[in-house]
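User: I'd like to go through a model with you, starting from the core and then moving on to some of the helices. Here it is.

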Amino acid sequence: MKSKRIALTVYLVIFFSCVWMCSDESNIYTPDIYETQIDKLSYQLKYPHIYAVVYSPYAVQLTEVATTEETDTEEKMVYLTFDDGPSPRTAEILDILKKHDVKATFFVVKAKDEYTPHLIRAVEEGHTIGVHSASHKYKEIYASVNAYLDDFTRCYNYIYDNTGYERTIFRFPGGSVNNYNASTRKEIAEEMTRRGYIYFDWNVESNDSSNNTGAQTIYNNVINGCKGKNRAVVIMHDAINKKETVAALDNIITQLKADGWHFAPLTNEVRPVIFRMK
Ligand SMILES: [Zn+2]
């Protein structure tokens, strides 16, 4: 703690010295700007271990590279993603994926201890694990960059402590553009990409968030949603009440294969699919 305080003090002294040296009468900084800069420095100095071990080539200018549809791939690539696990459904999902020899991506939360073995199994079977959220409480985590980093780090540490892997991709709870993060989303995305991470939204919705959605509807949503695309990032959920998702999964994979899709897990080298930030 003491060394961090010293580092922060040194950082601030250098910062204010630079401000003093650069300022002249036509360029006077207002207190508001000081406060913004101090706030930014304080979260940039936070969690020095939360940096991607390998920076994604897409971590710079993410919003510019990621929002255009890719049309030049020879193979149709589909990336199945499951949010909010591990859960009692994870083993069933893993069994189906194994049966079809398909690798997928799990954006995980800080789950109950009893579910953690499923997380470990997913890693062992070659699936990608991405950071999602520790609390999944939108109001709390999107209150500020600091709050987001706190939550992200708790989830990151949960995964690292249990699997030994340092994760390089993540998904925002509710997606990168949602009703809770209008005032913080851009700054959070900038800070996370500064740290070398990239995030994935989706371009095919299974719409399995509603508990009333049946397996046939989930199947139709995914199959129809993939039509006309070369690259599909499909969002589904891995949670205790997602039996219909599990019931649909086998047929979804069978049909996507028949339609000529190739499956792969997301990595930090896959060009992200992200929502456009205004
Ligand atoms: Zn979620």
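User: In the largest nonpolar core, which residues touch the most other members?

Analyst: Bearing in mind that this is a predicted model, the largest nonpolar core has 59 residues, and those that touch the most other members are V108, Y199, V233 and V234. Helix α7, residues 145–163, gives the most to this core, contributing seven residues.

User: What does Y199 touch?

Analyst: Leaving out residues up to four places away in sequence, Y199 touches I169, F170, R171, F172, S176 and M192, and also P272 and I274.

User: Back to α7, then: is I159 buried or exposed?

Analyst: I159, which has its place in helix α7, is buried, because 23 other C-beta atoms lie within 10 Å and 20 or more are enough to count as buried.

User: And which residues does I159 touch, not counting residues up to four places away in sequence?

Analyst: I159 touches V108, I129, V131, Y165 and R167 on that count, and V108 is also one of the residues that touch the most other members of the core. As for K110, it is 49 residues from I159 in sequence, while the C-alpha to C-alpha separation in space is 7.9 Å.

User: Changing topic, which residues of α4 are buried?

Analyst: In α4, the buried residues are T90, I93, L94 and L97, and they are on the same side of the helix because they cover an arc of only 100° around the axis. In general, residues three or four places apart in an α-helix point the same way, because there are 3.6 residues a turn.

User: What does the face turned away from the buried side of α4 carry?

Analyst: That face of α4 carries D95 and K99, which are exposed.

User: What covers the buried residues of α4?

Analyst: The cover includes β1 (76–83), α5 (116–124) and α10.

User: How do the axes of α4 and α10 cross?

Analyst: The axes of α4, residues 90–99, and α10, residues 243–258, come within 10 Å and cross at roughly 5°, so α4 is roughly parallel to α10.

User: Which residues of α4 and α10 meet there?

Analyst: From α4, the residues are E92, I93 and I96, and they meet V246, L249 and D250 in α10. Sorted by class, this contact of α4 with α10 has four nonpolar residues and two charged ones, with no polar residues.

User: One last thing: which residue with a positive phi follows α4?

Analyst: That is D101, whose phi is near 55°.

Key: Residues numbered from 1 in each chain as written. Predicted model: local features only at pLDDT ≥ 70, side-chain atom pairs only at ≥ 80, totals over all residues. Axes fitted to C-alpha atoms, helices over the stretch in contact; angles between N-to-C directions. Helix = DSSP H or I, 4+ residues; strand = E, 2+ residues; numbered from the N terminus. Parallel < 35°, antiparallel > 145°, perpendicular 65-115°, else oblique. Contact = placed C-beta atoms within 7 Å. Nonpolar A, V, L, I, M, F, W, Y, C, P; charged D, E, K, R; others polar. Core = buried A, V, L, I, M, F, W, Y, C linked by C-beta atoms within 7 Å. Buried ≥ 20, exposed ≤ 12 C-beta atoms within 10 Å, placed from the backbone. Arc of directions from axis to C-beta.
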